[in-house]
Amino acid sequence: MLRRVVRQSKFRHVFGQALRNDACYDDIRVSRVTWDSSFCAVNPKFVAIIIDASGGGAFLVLPLQKSGRIDKSYPAVCGHTGPVLDIDWCPHNDHVIASGSEDCTVMVWQIPENGLETPLSQPVVVLEGHSKRVGIVAWHPNARNVLLSAGCDNQIVIWNVGTGEAMVNLEDMHPDVIFSVSWSRNGSLLCTACKDKKVRVIDPRKKKVVAEKDKAHEGARPMRAIFLADGNIFTTGFSRMSERQLALWKTDNMDEPICVQEMDSSNGVLLPFYDPDTSIVYLCGKGDSSIRYFEITDEAPYVHYLSTFSTKEPQRGMGYMPKRGLDVNKCEIARFYKLHERKCEPIIMTVPRKSDLFQDDLYPNTSGPDPALEGEEWFAGKNGGPLLISLKDGYVSTKNRDLKVVKTNALETKPVTKAENTPTVQKKHISPQPSVKMDQKMEDKLEVVLREFKSLRDRVILQDRRIARLEDQVSKVSM
């Protein structure tokens, strides 16, 4: 008899575990909007969750350590006039988050160092360019201040957040609603899944479709498509018989998939989360109570099923922690933030190891928080892969890096920058005296006043535009 050979993989025994109740975030009114986004975004400092809000749209931003019951009066980010549909943390600044909403706008917010103490209603930047609700926002992985948004007007807009301008507008490529958008590893290409059942690979700066596949999944329910590190594309969707599928495609030849696998007959949309360091894809179905994970390799069948982590309650959304926010001492290779109806539950994935030493094979160098390019360089045609960092000394260096990123934040407005520069010039010429501290306090207060004045002015301009637009519409109706 031939003995069955089991495929060797260091991820065959990945162990999933939900954290104790005291590590969960309780009493949160998770959004009930019927939109297939993850409703949650996580980084090494904060967890952001889209919530139900009366009179507009809002989301919570909680410091990771603030677990337990969240008071109903806890301050939220509440500047949108319609429900928030998607949120995404900036990969290059852990205090900056973007949100897309039913009010047709994209807003970029600056979160204070220790989280919110009062409700935040003034964004740093308001990006207006969509004519229908904005369901997808995604930061460029390697270029500073480059943000993508996709709306139900079937267009994709790429913004320079530093100037608030729409630099690229992809209008005529999608005849129907865009289900998902993914950046390639170096950020030179986009991969989109559309309601017309096509998966497209797009060069956004040349405004052309590089490759496309019609009926990547034949079912009518929403698809998802993401870029992998090697340039291949991983998709999830539904078959003609409404069975959930996953597939792997080569971008240079999308006629036939590398592989297709049927999964089950559930109707929840599969949200894929990809780890380029370990080549593992985690599939979290909306309404499911499980997370399935697969390893992608160069050998058949290419997408290898590893295991399933199951809990009792279904998930309404899911947040995925970047690699630099994991606990390497516990051999943690992934961490999810699962949204229930009224709470957020962290789930950690670990690879059991006997040694307490740093596991180099589990933690190759990963994407760091520093951008490889300035936004202007990327729009001019330059590409750059992610700047990699080692996780071996993650804890020590993370603090230094975060401080550095906050100080060199490019989202600060011009008046504030001038105010910041003034005291440094004075310090060079004045000998250290007690009055210098008083001067510094006055400068700090001036900074705050200038910042509030700028945000108030932006708000007034925004309201003037809206009033003008409404008056124009009323005059057309009356005619």
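Reader: How many aromatic pairs does a search of the whole structure find?

Author: The search finds 13 aromatic pairs. Keep in mind that this is a predicted model.

Reader: Why is the pair of Phe-46 and Trp-89 called stacked?

Author: Two values decide. The ring centres are 5.6 Å apart, and the limit for a pair is within 6.5 Å. The planes stand 15° apart.

Reader: What makes Phe-46 and Trp-89 a tie between parts of the chain?

Author: Phe-46 lies in strand 4 (residues 46-51) and Trp-89 in strand 8 (residues 84-89), so the pair joins parts that are 43 residues apart in sequence. Both residues are buried.

Reader: Why is the pair of Tyr-282 and Tyr-320 called tilted?

Author: The centres are 6.2 Å apart, with 45° between the planes. Stacked needs under 30 degrees and edge-to-face over 60, so an angle between these limits counts as tilted. Tyr-282 belongs to strand 25 (residues 280-285) and Tyr-320 to strand 28 (residues 317-320), so this pair ties together parts 38 residues apart in sequence.

Reader: How do you know whether Tyr-282 is buried or exposed?

Author: The relative accessible area of Tyr-282 is 0%. Buried means under 20%. Tyr-282 is therefore buried.

Reader: Which residues form one aromatic cluster with Tyr-282?

Author: The cluster holds Phe-273, Tyr-282, Tyr-293, Tyr-320 and Phe-336.

Reader: What makes strand 12 and strand 15 edge strands?

Author: Four strands form an open sheet in the order 12-13-14-15, with antiparallel pairing. Strand 12 (134-139) and strand 15 (165-170) each have a single partner strand, so one side of each lacks a neighbour in the sheet. From one strand to the next, the twist averages 25°.

Reader: How do you know that strand 13 and strand 14 pair?

Author: Five bridges join strand 13 (residues 146-151) to strand 14 (residues 156-160). Pairing needs at least two bridges, so the two strands qualify. Ser-149 has Val-157 in strand 14 as its bridge partner.

Reader: What links strand 18 and strand 19?

Author: Strand 18 (residues 198-203) and strand 19 (residues 208-214) pair over six bridges, in the antiparallel sense. Arg-200 is bridged to Glu-212 in strand 19. The two strands form a hairpin with four residues between them. In the turn, Lys-207 has a positive phi of about 55°.

Reader: Where does UniProt place the feature "repeat: WD"?

Author: The unreviewed entry puts it at residues 77-111, 127-169 and 171-212. In the model, residues 77-111 are 0% helix and 63% strand.

Key:
Residues numbered from 1 in each chain as written. Predicted model: local features only at pLDDT ≥ 70, side-chain atom pairs only at ≥ 80, totals over all residues. Heavy atoms only, no water. Axes fitted to C-alpha atoms, helices over the stretch in contact; angles between N-to-C directions. UniProt positions renumbered as here; feature names shortened; annotations may be inferred. Phe/Tyr/Trp six-rings, centres within 6.5 Å; stacked < 30°, edge-to-face > 60°. Buried < 20%, exposed > 50% of the residue type's maximum accessible area, 1.4 Å probe, protein only.
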